[in-house]
Amino acid sequence: MSRDTVADIITSIRNADTNRKGTVRIISTKITETLVTILLREGFIENARKHQEGNKYFLVLTLRHRRNRKSSYRKMLNLKQVSRPGLRIYSTYQGLPRVLGGMGIAILSTSQGIITDREARLKGIGGEILCYIW
């Protein structure tokens with residue numbers, strides 16, 4: 001694992017979705033727990049539970065897949081990291097992008113915590129754009 005936890009989460013979920021895995025195990029931190037609660041609330045993952053091995057805590061995510069196995073496989077999650085340690089991307093609430101015309105979400109790190117772009121527009125606050133999910 002690198003020092004960029006958001007990139008690690010996005011990469012592990014994207015790889016599991018591409019390889020048709022049903023579950024993903026990621027290390028539990030405050031940032032990962034808030035990102036997972038946003039993904040769960042928005043309906044991008046089915047279930048999340050906390051698991052302990054020794055003195056470390058992990059989050060086990062159950063991904064949402066298409067039920068029809070006869071047709072070709074199509075990824076359900078599309079994740080794109082926007083801000084990274086070498087180049088931080090900030091935006092005001094007026095300049096927040098609409099992901100797929102409002103079909104997807106942008107996750108922001110603000111002064112009031114990690115929230116979605118819709119919540120940031122309602123509260124009238126901007127912040128660092130972490131990732132896009134559609």
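This is a predicted model: local features need pLDDT of at least 70, side-chain atom pairs count only at pLDDT 80 or more; totals for chains, interfaces and linings use all residues.
Local features require pLDDT of at least 70 and side-chain atom pairs pLDDT 80 or more, whereas totals for chains, interfaces and linings use all residues. Residues are numbered from 1 along each chain as its sequence is written, and side-chain values use heavy atoms, without hydrogens and water.

The chain divides into domain 1 (3-61) and domain 2 (77-131), with bounds from an automatic or database domain assignment. Their centres, taken over C-alpha atoms, are 19 Å apart.

The size of an interface is often given as the accessible area lost when the parts come together. Here the two domains bury about 1,300 Å² between them. This is the accessible area (1.4 Å probe) lost on being put together, summed over both parts. Carbon and sulfur atoms account for 71% of the buried area. Ile10, Ile38 and Phe44 supply 33% of the area that domain 1 buries against domain 2, more than any other three residues.

Polar links also cross the interface. The count is 5 residue pairs in polar contact, both residues at pLDDT 80 or more. A polar contact is a pair of N or O atoms within 3.5 Å; within protein, one must be able to donate a hydrogen and the other to accept it, and residues adjacent in sequence count only if both atoms are side-chain atoms. The interface also has 2 salt bridges (side-chain nitrogen of Lys or Arg within 4 Å of a carboxyl oxygen of Asp or Glu). Helices are DSSP runs (H or I, at least four residues), numbered from the N terminus.

The structure holds 6 salt bridges. Glutamate 119 lies in helix α3 (residues 117-123) and arginine 41 in helix α2, so their pairing ties together parts 78 residues apart in sequence. The N to O distance of this salt bridge is 2.9 Å.

Two charges sit over rings (NZ of Lys or CZ of Arg within 6 Å of the ring centre and within 35 degrees of the ring normal). Arginine 25 lies over the face of phenylalanine 58, 4.0 Å from the ring centre. Lysine 50 places its charged end over tyrosine 57, 5.1 Å from the ring centre.

Note on methods. Helices (H or I, at least four residues) and strands (E, at least two) are DSSP runs, numbered from the N terminus.
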